[in-house]
Amino acid sequence: MEKTNLDKFMDLHEDEIVIDRSRKLRVAIVGTGWIAASHMVEYLKMDDVMVVAACDIVPGKAKAFCEKWGVPDAHCYTSDLEMYEKESLDAVSVCTYNGTHAECTIHALRFGVNVLLEKPMCVTTEEATSIMHAEKESGKIVSVGFQPRFDKDMQLLRRVVKSGVLGKIYYIQTGGGRREGIPFPFGTSFIEQETGVIGAIGDIGCYSLDMVLNCIGYPKPLTVTGYTSAFFGKNPGYSGYVKSGHPEYAKIFGVDDFAAAFVRLEGDIILDFRISWAMHMDTPGDTLILGTEGGLRIPSTDCWNGTIGGDLILYHTVGSEQVQTVIPRINPEERTPCFEMKVRSFLDAIHTGGKAPIPTSEIIYNQAIIDHIVKSAKLGHEIPVEIPEI
Ligand SMILES: NC(=O)c1ccc[n+]([C@@H]2O[C@H](COP(=O)([O-])OP(=O)(O)OC[C@H]3O[C@@H](n4cnc5c(N)ncnc54)[C@H](O)[C@@H]3O)[C@@H](O)[C@H]2O)c1
């Protein structure tokens, strides 16, 4: 059937780049815990990947992991440095707990290996800077694992904001939260100071920050007033502990379970942020983006798993009338395979010699906000954001 002009227009899309994936990439996984399985699932689907090695500091853990996933011939190590000495690798997934993200990423880069680094980027601004130095010196890439960036509705949100329909953006309220969601499904690495180091703020706060900062081009943070607390995590009577039979976790809980902050961003934008693993409330509110020409409501988000909570609502004025325009989500029933896309985009950047799809040059600002919330909370007052030159 003859296409109408409109149909032809609908077919238009950006030119797809043809990627030569004929070279097999030699890949390893460092840290073979919970999220490593999701990386392995994706690598096993991809014809251009061979998982040749794995490493975990817990003796036997990497071996058991590789056997479970049907790659028993992969070489297994308890030291990533020994692995890099012995293996020739193109890429590594760093899936360790937050406390060792920086050292494991820097080790890989020093051996000329590209890194897909799980979120959060690391723990402190200083660590983030060291990662960027090592990346620059190595000529390799680090892509940070924010898979919600590939979600169609997250991309819709970005397009709406970037269209300019809001005018000059001056205020953003964002965050997210769970009423009873301190994570300990596979152990206590999220809640112990030594391993997790940061709690809700690093685990899910980083996603909320990325959602809005990615829409507005990642402006530099200038000052932060931060607050953190741990009233639920440190309470043996917390409902999540009681239900799971783990009141003893209250004694080892060493991170935040709630954080809030007031952040000044370059461009005269205020970011009002709150995040929670546990609280007596269903949600700390929708994400709101206010501009001189319009305001956007993004219904309370489960943004840490790659979705937004409902259709977007644009509030604006037309001919002196206040109107609301609903911007529907793109097929909310059909989830984008975000995790696959985060892995695929990383590998394709290696094939093409392209830039990291989720670059450290952006995520360092995400990390700096998190780190300065922690620092400001300890000091009890506002602090300037200091990021060393890269
Ligand atoms: N993108 C996502 O959807 C998602 C989901 C869950 C977790 N994560 C992130 O992934 C990271 C890991 O989380 P997890 O739940 O898999 O934790 P986990 O505790 O289950 O696994 C971490 C593993 O890393 C190992 N490890 C730690 N330091 C190491 C080192 N120096 N060398 C080798 N191995 C080392 C530990 O022994 C452990 O087996 C966290 O930073 C978390 O924020 C991301």
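The exercises below, each with a worked solution, concern the predicted model shown above.

Residues are numbered from 1 along each chain as its sequence is written. Because this is a predicted model, local features need pLDDT of at least 70 and side-chain atom pairs count only at pLDDT 80 or more, while totals for chains, interfaces and linings use all residues.

**Exercise 1. Domains**

State into which domains the protein is divided, and describe the side of domain 1 that touches domain 2.

Solution. Step 1: domain 1 covers 25-148 + 340-359, and domain 2 covers 149-336 + 366-383. These bounds come from an automatic or database domain assignment.

Step 1: the C-alpha centres of domain 1 and domain 2 are 26 Å apart. Contact joins 19 residues of domain 1 with 23 residues of domain 2; two residues are in contact if their C-beta atoms, placed from the backbone, lie within 7 Å.

Step 2: on the side of domain 1 that touches domain 2, α6 (125-138) and α12 (338-352) are the elements that give two or more residues. Helices (H or I, at least four residues) and strands (E, at least two) are DSSP runs, numbered from the N terminus. The residues of this side divide into 11 nonpolar, six polar and two charged. Here Ala, Val, Leu, Ile, Met, Phe, Trp, Tyr, Cys and Pro count as nonpolar, Asp, Glu, Lys and Arg as charged, and the others, Gly among them, as polar.

**Exercise 2. The ligand**

Which residues come nearest to the ligand, and why does the ligand lie between the two domains?

Solution. Step 1: there are 27 residues around the ligand, and Gly31, Gly33, Trp34, Glu118 and Ser189 come nearest. A residue is near a molecule or strand if its C-beta atom, placed from the backbone, lies within 6 Å of it.

Step 1: the shell around the ligand is made up of 11 nonpolar, 10 polar and six charged residues.

Step 2: the ligand lies between domain 1 and domain 2 because both give residues to this shell.

**Exercise 3. The nine-stranded sheet**

Give the strand order of the open sheet of nine strands and the helices that lie on it.

Solution. Step 1: the order is β14-β13-β12-β11-β7-β10-β9-β8-β15, with mixed pairing. At the edges are β14 (321-327) and β15 (383-384), each of which pairs on one side only. Two strands pair if DSSP finds at least two bridges between them.

Step 1: β7 (residues 169-177) and β10 (residues 269-276) run parallel and are joined by seven bridges. Isoleucine 172 has leucine 271 in β10 as its bridge partner.

Step 2: helix α13 (residues 360-379) packs on the sheet and touches β8 (221-229), β9 (258-265) and β15, its direction making about 55 degrees with that of β8. Helix α7 (residues 152-162) lies across β11 (287-291), β12 (294-298), β13 (312-318) and β14, at about 170 degrees to β12. For these angles, axes are lines fitted to C-alpha atoms, for helices over the stretch in contact, and angles run from 0 to 180 degrees between N-to-C directions.

Step 3: β11 and β12 form a hairpin with two residues between them, and four bridges join these antiparallel strands. Threonine 287 stands opposite isoleucine 298 in β12. A residue is buried if 20 or more other C-beta atoms lie within 10 Å of its own, exposed if 12 or fewer, and partly exposed in between, with C-beta atoms placed from the backbone. Four bridges also join β12 to β13, which run antiparallel, with leucine 314 in β13 the bridge partner of leucine 296.

**Exercise 4. Strands β1, β4 and β5**

Work out how β4 pairs with β1 and β5, and why leucine 25 counts as partly exposed.

Solution. Step 1: β1 (residues 25-30) and β4 run parallel, joined by four bridges, and alanine 28 is opposite valine 92 in β4. Between β4 and β5 (residues 114-117) the pairing is parallel over four bridges, with serine 93 opposite leucine 116 in β5.

Step 1: in β4 (residues 91-94), Ala91 and Ser93 point one way and Val92 and Val94 the other way, and all are buried.

Step 2: leucine 25 is found in β1. Leucine 25 counts as partly exposed because it has 19 C-beta neighbours inside 10 Å. Leaving aside neighbours within four places in sequence, its contacts are Asp48, Val49, Asp90, Ala91, Leu347 and Ile350.
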